[in-house]
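I opened a new notebook page for this protein. My plan was to look things up one at a time and write down what I found.

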Amino acid sequence: MDENIETKVVSQFLVKFSKLDRPVSDLKKIQKALDFACKLHEGQKRQSEEPYIIHPIAVAEILIDLNCDTDTICAGLLHDTIEDTEINIIQFENEFGPKVTRLVQGVTKLGKLNFISSKQHQAENFRKMLMAIAVDIRVVLVKIADRLHNMKTLEYMSSEKQKSIAQETMDIFAPLANRFGLNQAKNELEDLSFFYLEPDKYKEVERLVMGDREYSEKKIKEIILKIKNELEKAGIKAEIYGRPKHLYSIYRKMNRLNSKELFDLLGIRIIVERERQCYEVMGIIHDIFRPIPGKFKDYIAIPKANMYQSLHTAVVGPHGRPVEIQIRTEDMHQIAEYGIAAHWKYKENGSQKAENSEEEKLSWIRQLIEWQTDLKDPEEYIDAVKLDFFSDEVFILTPKGDVIDLPRGSTPIDFAYRIHTDVGNKCTGAKVNGRMVPLSTILKNGDIIEVVTSKNAHPSLDWLNFVATSSTKNKIRQWFKVQHRDLHISQGRSLIESAFGENKADEILASEDFEEAIRKLNRASKEDLLASLGCGDVTIAQLKGKLKFFASKEEENLDEVLLPKFTEKVDEEAVSALDGMMHHLAKCCSPLPGEDILGVVTKGKGITVHRSDCHNLDTVELERRLHISWQAGKSKTYSAAIEVECLDRVGISRDILNKVADEKINVRDLRVVAKPASGVAVIKIVVEVADLYELRKIMSSIINVGDVLNVFRSGEYKRTTLFKKKNK
């Protein structure tokens, strides 16, 4: 049975690829890849118990339907061989060359990424995926074809697995297909995901569509005949056909209109020979039928970011039913349906248009990768990607006619920063369609914007209240960080004075040892290091670890006394718990469970517990050090101090405390140090946490509060170490 299925599938594929209009050498290469895949996957089964080779063949067929180049089709046939068979990379490259190998390796890496995970892992996997796509953009074609076939055969998975894969597809792969202009693939991925995520609603929409189909098809034929007759009179050759709408788009529109009625299942597509004819046809359509105001969209003059071009209009058809009509050329249609795959078809023919298209499509990927240095928080990164690149778009024109795509809801400030960071920083006003408008104005499709700048201007804090894109918000915050450099340098010096003593600060800053620390910490100058200290990019503990000769004594006096000696290798089990011994946590480093610790034997004060990297341990003899560890299972809380550097606005303290409260963490103390001249405040908070993980979790939550610039663990804020059982 299996052999019959496999033979049938292979035979069908042979017939399909033999019809390709490719050189004989390309057909031989595809045949070789097919034979190779069949041999390597021999005996392997899918979840459905069918021969595994059915899957790579199905992926290759999808790539053929997308008009992909030969190397991409070969990669589709071979995409699972490196991961799931015994072949090694060297042997593979000898057989198929570096290009196919690179594609298969790229898809293999993406196959190992699990997007159904925590925000942090999801963000990291998303970054890796974009890196692989940036190396060779065809990787995304194979990956989306792979995902599309897996979605078509998802019924063999468990219900839980079906929902998780469908959600991942809806969140990541359908928007990615849309961004690359793979319209048909996007529609199928959305409908398949919709089926598993909302089965009841899927069936409801399907019933409505089926009930309306007979009427719709009858009216479509009537409208097409009328249009065809008018175009023949005008001497315009055109291909005209009904355009079925996919279920998920209907469902979204029903939700948006808050209605269960279907208004626009009627859709027609008209394909003409030349771009100029698109506009001629539009005029004829509007003569025949009454256009619906506000429904005309010119994506030819202003293409979408994925290079989609078409004229859209909606008219009132027979019996008062709205009809959506798209008008485009054959080239536009290829790009609309096959997106980046159409680009590779052009590239094989040596088109310059293909080269320009590739650069356009890669530019947004590069921008996402560059954001990694700015958006370090994984949740912020994922949200920024979804907002700025996978959301609905508006298309804005510069005075020179260049098109800029922005997320819906964007303002002139977002536009200015998209042009260039300096344009945004110097923006003082904006003209939209020749008229001055407030900077908070929401932009619409086709607006022509001129940004007014001044060399003495600078960003305003209130911009953060209305700008739409994450990248704009980040650039505004970055400007304030840079402008507060002097303040950070002053704070850095204060930290050094606090850690080493005022009388030692000048000596340390002038020492060769400090110059060496600058180099070790990868800073360009003394001022850079002080600024990094002041804003929390470098901690005092890190600095002290780089200084050889200067170290202050901790707040408790480590008296030099003769005490019983402890060997360096103490029986850890005997000292892992200090409940029966007098001990306390060192205030200089405030260790938390999760950090490596050392004990120091002191006179009359028992054992002081330090972090193992504490600078004060440099002054303690080895015989006074005690190797200890945290005792598991103890229910205690520990005080930890953090400092939050933020823009000074009304309600910022409340927003931060709400984040802490969400984590169910007790706050022991809170103080605000405002700097009116700079517009910055430092909020010092003492919280009770169970361990290092809990502290980092709180800090990660706080950094996501709007207008927060930095969050770091404080080493200088005086606090009392508390031991207390958690409330049960």
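**Entry 1: a helix and what follows.** I started with helix α14, which spans residues 330–338. I looked up its buried residues and found M332, H333, Q334, I335, A336 and E337. Then I checked what comes after α14. G339 follows the helix, and its phi is positive, near 55 degrees. I noted that this is a predicted model.

**Entry 2: the whole protein.** I stepped back for the totals. The protein has 728 residues, and 50% of them count as buried. Its secondary structure comes to 28 helices and 20 strands. I also looked at contacts with a separation of 6 or more. Residues 24 or more positions apart account for 68% of these.

**Entry 3: the largest nonpolar core.** Which residues touch the most other members of this core? I found F13, L63, L77 and L78, out of 58 residues in the core. Next I listed the elements that give two or more residues to this core. They are α1 (2–18), α2 (24–40), α3 (54–65), α4 (70–78), α6 (89–111), α8 (139–152), α9 (159–179) and α10 (183–197). α8 gives the most, with eight residues.

I then followed L77. Leaving out residues up to four places away in sequence, L77 touches F13, I30, A33, L34, A37, P56, I57 and A60. I also found a second, separate core of 29 residues. I642, I683, V689 and I698 are among its members.

**Entry 4: two packed helices.** How do α2 and α4 pack? I read an angle of about 10 degrees, with the axes 9 Å apart. An angle under 35 degrees counts as roughly parallel, so α2 and α4 are roughly parallel to each other.

I wrote down both sides of the contact. From α2 come D26, K29, I30, A33, L34, F36 and A37. From α4 come T70, D71, I73, C74, L77 and L78. By class, the contact has nine nonpolar, one polar and three charged residues.

**Entry 5: one threonine.** T313 lies in strand β5, residues 311–316. Is T313 buried or exposed? Its relative accessibility is 4%, and buried means under 20%, so T313 counts as buried.

I looked for its partners next. The side chain of T313 makes a polar contact with the side chain of H286, at 2.9 Å. Not counting residues up to four places away in sequence, T313 touches M282, H286, K295, F296, V323, E324 and I325.

Conventions. Residues numbered from 1 in each chain as written. Predicted model: local features only at pLDDT ≥ 70, side-chain atom pairs only at ≥ 80, totals over all residues. Heavy atoms only, no water. Core = buried A, V, L, I, M, F, W, Y, C linked by side-chain atoms within 4.5 Å. Buried < 20%, exposed > 50% of the residue type's maximum accessible area, 1.4 Å probe, protein only. Helix = DSSP H or I, 4+ residues; strand = E, 2+ residues; numbered from the N terminus. Contact = heavy atoms within 4.5 Å. Axes fitted to C-alpha atoms, helices over the stretch in contact; angles between N-to-C directions. Parallel < 35°, antiparallel > 145°, perpendicular 65-115°, else oblique. Nonpolar A, V, L, I, M, F, W, Y, C, P; charged D, E, K, R; others polar. Polar contact = N/O pair within 3.5 Å; in protein donor to acceptor, adjacent residues only side chain to side chain.
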